[in-house]
Amino acid sequence: MTELELPPIDYAAIAPILIMLGAAVLGVLVEAFVPRRLRHPVQLPLALLAVLAALTMVVVNADKRVITIGVVAVDGPTLFLQGAILALSAVALLLLGERAVERGGAFVAQAAVTADSPEDRRQAENAGGAGEVYPLSTFAIGGMLIFVSANDLLTMFIALEVFSLPLYLLCALARRRRLLSQEAAMKYFLLGAYASAFFLFGLALIYGFTAGLGDRAAGVDFATVNAAVANSTASPVLLFAGVALVAIGLLFKAAAAPFHVWTPDVYQGAPTPLTGFMAACTKVAAFGALLRVFHVAFEGARWDFTPVLGAVAVLTMLVGALFAVTQTDIKRLLAYSSIANAGYLLVGVLSPGSGGLSGTMFYLVAYGFTVLAAFAVVTLVRDADGEATHLSRWAGLGRRSPVYAAVFTFVLLAFAGIPMTSGFTSKFAVFGPALEGGQVWLVIAGVLTSMVLAFPYLRVVVLMWLSEPGDSTPTVAVPGGLTSAALVIGVLATLVLGVAPEPLLSLASSAADFVR
Amino acid sequence: MSDFPFLSVLTVAPLVGAVVVAFLPRSRPTLAKQVAFGWSLLVLALSVVMWVTFQVDGDRFQFRESYPWIPNWGVNFTFAADGIALVMLMLIAVLVPLVILASWHDAESSKRSVPVYFALLLVLECTMIGVFAAADVFLFYVFFEVMLVPMYFLIGSYGGNQRQYAAVKFFLYSLVGGLFMLAAVIGLWVVGGKNFDWVALSEVDISTGAERWLFLGFFVAFAIKAPFFPFHTWLPDAGGAAPAGAAALLVGVLDKVGTFGILRYCLPLFPDAAKWFAPWALALAVIGIIYAALLAVGQNDLKRLVSYTSIAHFGFIGVGIFAFTTQAGTGAVLYMVNHGLATGLLFLVVGMLIARRGSALVSDFGGAGKLVPLLAGVLFFAGLASLALPGTAPFVSEFLVLIGTFTVNKPVAVIATLGIVLAAAYVLWMVQRTTQGTLNPALTEIDGMKRDLTLREKVVVAPLIALIVLLGFYPKPVTDVINPAIQATMQDVDRTDPAPSVDTVQEASR
């Protein structure tokens, strides 16, 4: 029996991942051994500390450019995106941990209790939310960190599962409207499983394609795939089918049309803090992976996939913008807006060179903070039955609580891309390189759909400010410290990235280079 | 003194004032009004100093300042003003204090916060100054778009009937234009070597196809803003629903951004495309003159009527710009100023009438001159200025536009002249139906109609009337400032004025 040789491991490079996964395991132990009433006060600081520690490690690693264990690439984009995921997660954790707005928080205490039974109503009134939320979300964050650094399709697949499975579970844990929440989780899980299967099948086809390389062994690490795209003697059908299937898996997570159908249902059904988490962090993770796959592994096939992905991008923008117009529920509206934004991000992914890459990364951060602020406001607009998400209920909100209406207006103007908000600078950051790369029709589609999208945003502004408040206009709950903090961070980031985007832009462009 | 950063201070000052006013307690509305008024007077004083410092025979762009903003994209806070921008800045500085004074009680009729109304006016002043003072295309675009926000809330929160509809329509129309321009701005940035500086961009050579597309992107935005036919439908709604003061600024200044943008950006940056599109632009302008004038004749709502007259006037400005002669160009810019004064006055006076009557419908008036003779007189004067009676300022500009156009394009000049006849029709008929004739008995029962111009209102209208008469007889101070800038613009477009043909004159005299 030959002795197995361990590959050299750069522990510092993968420290952020290790910290998050370690914290998740610790969180599970806390759930098991710490008394119930102490769990929340222990879990939230633990998760936050882990995120901050991981973020520190990312900063420490700032100059690292290595591929360690052969499967994890720690380079500029990885570190930038990991930093983005961690920073956004920190804000999202504040929302997830809020317990002052609703007694016990936004999550159910015992998900297994039958919805709407007397016992369920009792627990909705009194019991504190499940503590499992924290280890589950820390696992998800850890998975996302691996996902954006994976330099190998198989690692990428595992990371995909590591961050998806906790999200499926978390979706089902809403305290209110539990049937809707469970339905959302079910949909997300089933469709997500399909997407994973597509990804896996694509992976297998790519593996087969790399077998056509004469001088090196078949494999699904990106260097091999890249070499195979240039030199493989295997049938290109394998490559094209493989790229398509892998792309479907990733585009599903990115919520791009026509793989977007889960998005409105899941965004609506999931507990709102979690919706914010998914809209911000999952988007970063999914596009991080898309960037790496298309810029590193399949770089050589750019001419083949660009028209197809371009069509997907246009379709995504159209679907997001057009359906947003007809929505009557604020969470569904934000879901379709997030679909449209996925389309703009795809424009960035398709721009060749480092301009598109840095623009996309900038967009991800800017959008993440704005969308978190948006969902933070949504958690606050409530009545006796929980959040009032139907748009008609928002009429006259500006009169009842001008501060929150003003904040939400600012966020909506950012989504609409009005200058002095990050929404404008980030649009510029992706459309500029796209036009430079000759993708004129993508930019025109982006501009046209932005016009359409402005209408639903404006309608909400009109509702809040220009309509008279009715009897059913809910009041805005006084936010606890955590939600306030999240809201302030989100709005400030939206403003600062709109007025002074230079530091982050510089960071993004200096980070925009993959190790290969 | 010429080293003083006039333009950036002028841009920032109203914003600071707005913040101050917004945070004044809601319970002390008078204080908010006084602070806002005082602040706008300060801005006016500074503008006057700037006007005096401006050297007529100096560089084309003066008061240039530049600070880095986003080096990654080559964006700078670059401010600079040529003669055209200078006169527009002066117009803003003059109009805003008067509008604040005229709107003294406007905000009270709505249930909204009074300080916020005046803060919004000051924010609007900041963005308006910024848009004319910017010499960086990106900065210009930022102000161009941000300008929508205060106006949107002014119309939507403090307007009359249909204010929601009007506000949304205004916002969406402008945003659509703005997004076309955004695409063109990015395109210009790419072909211009990642640069936004106006001076550098004006020297870039652009291929014919790209130049035409970029021209169109900018032109559509400006044509919606101005507005030119057929992009004009938002203006009557917005002008009709906005409070009178905001409407005066909307039509008097905001819309000039469109015509100013064409002069500053479309012509010098894309000269060949501008020449190529000129016949189309002239056609739109001429249609606008006739069509809007006809619609104005048929209006029964005073504010909508004034809005339609403005669309007709913008047609004249468009003709003046695309005739490509110095006379017509100078006339167009002068028209922008004079129209701001005359229509501003008209809107404010109409607002005073509406505030008294509680209705904007022409048919609700009749013989009002018997009750409020002074107000009726001012309305008559504003109307005459608006139809460009000789002796009032608009006459000079309209005349310059027409003779400047006649030398190069007779049919357009002839058709445009018809617009003057129609102008007489809509103005005189409106004045006749509201203030002349037998007294509408309903008017005598309204207390407001028994009050003629108050001292505050007199202070509002007096400077405007004085300026209109002054510039009607002696426009030289303004034309002297405009002329060099227009000549430079015409050089950018590579056009020279046709030489006066002495032969024909001699032949005619034979």
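These legends describe close-up views of a predicted model.

**View 1. The contact between chain A and chain B.**
Chain A brings 35 residues to the contact, and chain B brings 35 residues. The area buried between the two chains is about 3200 Å². Carbon and sulfur atoms give 78% of that area. Four residue pairs are in polar contact across the interface of chain A and chain B, both residues being at pLDDT 80 or more. On the side of chain A that touches chain B, the elements giving two or more residues are H16 (402-416), H17 (422-436), H18 (440-466), H19 (481-499) and H20 (502-511), each a helix of chain A. H18(A) gives the most, with eleven residues. The residues of this side of chain A divide into 23 nonpolar, eight polar and four charged.

**View 2. The salt bridge between the chains.**
Side chains of opposite charge can pair when their charged atoms come close. Between chain A and chain B the count is one salt bridge. Glu436(A) pairs with Lys194(B) in a salt bridge, and their closest N and O atoms are 3.2 Å apart.

**View 3. A salt-bridge network in chain A.**
Salt bridges link Glu183(A), Lys187(A), Asp265(A) and Arg332(A) in a network. In the salt bridge of Lys187(A) with Asp265(A), the closest N and O atoms are 2.8 Å apart. Lys187(A) lies in helix H7 (residues 178-210) of chain A and Asp265(A) in helix H10 (residues 262-269) of chain A, so this pair ties together parts that are 78 residues apart in sequence. Lys187(A) is partly exposed, at 30% relative accessible area.

**View 4. Glu299(A) and Arg302(A).**
These two residues form a salt bridge, with the closest N and O atoms 3.6 Å apart. Glu299(A) is partly exposed at 28% relative accessibility. Arg302(A) is buried at 12%.

**View 5. A salt bridge between two helices of chain B.**
Arg304(B) and Asp237(B) meet through their side chains in a salt bridge of 2.9 Å, N to O. Arg304(B) sits in helix H14 (residues 302-322) of chain B, and Asp237(B) in helix H10 (residues 234-241) of chain B. The pair links distant parts of the chain, 67 residues apart. Arg304(B) is partly exposed, at 23% relative accessibility. Asp237(B) is buried, with a relative accessible area of 11%.

**View 6. An open sheet in chain A.**
Three strands of chain A form an open sheet in the order E4-E3-E5, with antiparallel pairing. E4 (386-387) and E5 (475-476) of chain A stand at the edges with a single partner strand each, so one side of each is left without a neighbour in the sheet. Strand E3 (residues 381-383) of chain A pairs with E5(A) over two bridges. Val381(A) stands opposite Val476(A) in E5(A).

Methods. Residues are numbered from 1 along each chain as its sequence is written. Chains are lettered from A and ligands numbered from 1 in the order in which they are written. This is a predicted model: local features need pLDDT of at least 70, side-chain atom pairs count only at pLDDT 80 or more; totals for chains, interfaces and linings use all residues. Side-chain values use heavy atoms; hydrogens and water are left out. Contact means heavy atoms within 4.5 Å. Buried area is the accessible area (1.4 Å probe) that two parts lose on being put together, summed over both. A salt bridge is a side-chain nitrogen of Lys or Arg within 4 Å of a carboxyl oxygen of Asp or Glu. A polar contact is a pair of N or O atoms within 3.5 Å; within protein, one must be able to donate a hydrogen and the other to accept it, and residues adjacent in sequence count only if both atoms are side-chain atoms. Helices (H or I, at least four residues) and strands (E, at least two) are DSSP runs, numbered from the N terminus. Ala, Val, Leu, Ile, Met, Phe, Trp, Tyr, Cys and Pro count as nonpolar, Asp, Glu, Lys and Arg as charged, and the others, Gly among them, as polar. Two strands pair if DSSP finds at least two bridges between them. Buried means under 20% relative accessible area, exposed over 50%, partly exposed in between (1.4 Å probe, protein chains only).
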